[in-house]
Amino acid sequence: MAPVPELSKTRILFVLGGPGSGKGTQCDKIVEKYGFTHLSTGDLLRDEVASGSERGKQLTAIMEKGDLVPLETVLTLLKEAMLKKAATSKGFLIDGYPRELDQGKRFEADVAPVECVLYFEVKDETMKTRLLKRAETSGRVDDNEETIVKRLKTFHNLTQPVIDYYAKQNKVCTIVAEGTVDEIFVHVVKFLDTKK
């Protein structure tokens, strides 16, 4: 695959943080203030699962084990979603992607270049507490203590090389996301306003 011409001049930000880091909530606030399109790989995957398609059934089995979904599947879902919004979006927040370095490299080779990575840094204990609280109402198959521990370990093992890779290119903004939603957003705004 080659880069997509319709996306070549589009602002694209990867948004990373462990499960329960609050990245989805912050993305919602960025969309409201800046007019970006928020694409969560998790939401795209869950929508595919909910569709009842054959691909959705395969994804269910993978997600229930806490494993990562194959790169090609995620890349295809992302590209389809971005092309639907390309003409009207002020930019894209790609939430929860890339989970591993090859995904980031493949995205830039096959879709479009990335402006920067917003990394929401949170202690594991904080993320675990947030996820267990969310589990009370979410109904998500991956919001249970055993799977949460595995998801955190997987996140750290695979995502740290992504952070390191983009940091070498001066493309990472680390946001310490331990405070309230509004306190964290102040730091996000400060960063985004300098990137305009």
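These legends describe close-up views of one predicted model. Residues are numbered from 1 along each chain as its sequence is written, and side-chain values use heavy atoms, with hydrogens and water left out. In this predicted model, local features need pLDDT of at least 70 and side-chain atom pairs count only at pLDDT 80 or more, while totals for chains, interfaces and linings use all residues.

**View 1. Helix 5 and what covers it.**
Helix 5 spans residues 101–110. Helices (H or I, at least four residues) and strands (E, at least two) are DSSP runs, numbered from the N terminus. Gln103, Gly104, Phe107, Glu108 and Asp110 of helix 5 are buried. Buried means under 20% relative accessible area, exposed over 50%, and partly exposed in between (1.4 Å probe, protein chains only). The cover over these buried residues includes strand 1 (12–17), helix 4 (71–85) and helix 7 (145–168).

**View 2. Ser89 in its loop.**
Ser89 sits in the loop between helix 4 and strand 3 (92–95). Its relative accessible area is 16%, so Ser89 is buried. The side chain of Ser89 makes a polar contact with the side chain of Thr37, at 2.7 Å. A polar contact is a pair of N or O atoms within 3.5 Å; within protein, one must be able to donate a hydrogen and the other to accept it, and residues adjacent in sequence count only if both atoms are side-chain atoms. A polar atom of the Ser89 side chain also lies 2.5 Å from the backbone oxygen of Gly91. Leaving aside neighbours within four places in sequence, Ser89 is in contact with Phe36 and Thr37. Contact means heavy atoms within 4.5 Å.

**View 3. Helix 2 against helix 4.**
Helix 2 (residues 41–50) packs on helix 4 at an angle of about 100 degrees, with the axes 10 Å apart. Helix 2 is therefore roughly perpendicular to helix 4. Angles of 65 to 115 degrees count as roughly perpendicular, under 35 as roughly parallel, over 145 as roughly antiparallel and the rest as oblique. Helix 2 contributes Thr41, Leu44, Leu45 and Glu48 to the contact, and helix 4 contributes Val74, Leu77, Leu78 and Ala81.

Asp43 forms a salt bridge with Arg46, with the closest N and O atoms 2.9 Å apart. A salt bridge is a side-chain nitrogen of Lys or Arg within 4 Å of a carboxyl oxygen of Asp or Glu. By this rule the count comes to nine salt bridges. Asp43 and Arg46 are three residues apart in helix 2, so about one helical turn separates them. Asp43 is partly exposed at 37% relative accessible area. Arg46 is partly exposed too, at 27%.

**View 4. Salt bridges between parts of the chain.**
Glu108 and Lys171 meet through their side chains in a salt bridge (3.9 Å, N to O). Glu108 lies in helix 5 and Lys171 in the loop between helix 7 and strand 5 (172–176), so the pair ties together parts that are 63 residues apart in sequence. Lys128 and Glu145 form another salt bridge (3.0 Å, N to O). This pair links Lys128 in helix 6 (residues 124–138) with Glu145 in helix 7, 17 residues apart. Glu145 is partly exposed, at 43% relative accessibility. Salt bridges that share partners join Glu72, Arg106 and Asp110 into one network.

**View 5. Thr154 in helix 7.**
Thr154 lies in helix 7. Thr154 is buried, at 18% relative accessibility. Leaving aside neighbours within four places in sequence, Thr154 is in contact with Gly66, Leu68 and Thr159.

How values were computed:
Axes fitted to C-alpha atoms, helices over the stretch in contact; angles between N-to-C directions.
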